[in-house]
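User: I've got this model open on my screen and would like to talk it through. Can you take my questions one at a time?

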Amino acid sequence: MVKCKIKKGDVVVAIAGDDKGKSGKVIKVLPKKGQVIVEGLRVAKKSIKPSDKDPKGGFVNKEMPINISNVKKAEGDK
């Protein structure tokens, strides 16, 4: 478990990885894994099977977890 100062709703900036320099709002914090899910960062395309909710199925964009060490709070949000 990682002790973190980043909480849900904070605005963070990616400091490493493919999305380096991009910012977004924290949707969810996963403290046991030491990861956060940030809106608009590390987006992956996931396939969905047809169901009652979505009869056609297809693809959806989904934010994936980012290691907490790869993000920092935005300058204006202290």
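User: Which residues does Val12 touch, if you skip those up to four places away in sequence?

Analyst: This is a predicted model, where local features need pLDDT of at least 70, side-chain atom pairs count only at pLDDT 80 or more, and totals for chains, interfaces and linings use all residues. Residues are numbered from 1 along each chain as its sequence is written, and side-chain values use heavy atoms, with hydrogens and water left out. Contact here means heavy atoms within 4.5 Å. On that basis, and leaving out residues up to four places away in sequence, Val12 touches Ile6, Lys22, Ser23, Gly24, Val26, Val38, Val71, Lys72, Lys73 and Ala74.

User: What makes up the largest nonpolar core, and which elements give two or more residues to it?

Analyst: A nonpolar core is a set of buried Ala, Val, Leu, Ile, Met, Phe, Trp, Tyr and Cys residues joined through side-chain atoms within 4.5 Å. Buried means under 20% relative accessible area, exposed over 50%, and partly exposed in between (1.4 Å probe, protein chains only). The largest one has ten residues: Ile6, Val12, Ala14, Val26, Val36, Val38, Leu41, Ile66, Ile68 and Val71. The elements giving two or more residues to this core are β1 and β3 (35-38).

User: What is the bridge partner of Val13 in β7?

Analyst: β1 and β7 pair in the antiparallel sense over three bridges. In β7, the partner of Val13 is Lys72.

User: Is Asp19 buried or exposed, and which residue's backbone nitrogen lies 2.5 Å from its side chain?

Analyst: Asp19 sits in the loop between β1 (11-14) and β2 (23-30). Its relative accessibility is 16%, so Asp19 counts as buried. Beyond neighbours within four places in sequence, Asp19 is in contact with Ala14, Leu41 and Arg42. The backbone nitrogen 2.5 Å from a polar atom of the Asp19 side chain belongs to Arg42.

User: How far apart in space are Met64 and Leu30, C-alpha to C-alpha?

Analyst: Met64 lies in the loop between β5 (58-63) and β6. In sequence, Met64 and Leu30 are 34 residues apart. Their C-alpha to C-alpha distance is 12 Å.

How values were computed. Helix = DSSP H or I, 4+ residues; strand = E, 2+ residues; numbered from the N terminus. Polar contact = N/O pair within 3.5 Å; in protein donor to acceptor, adjacent residues only side chain to side chain. Pairing = 2+ DSSP bridges.
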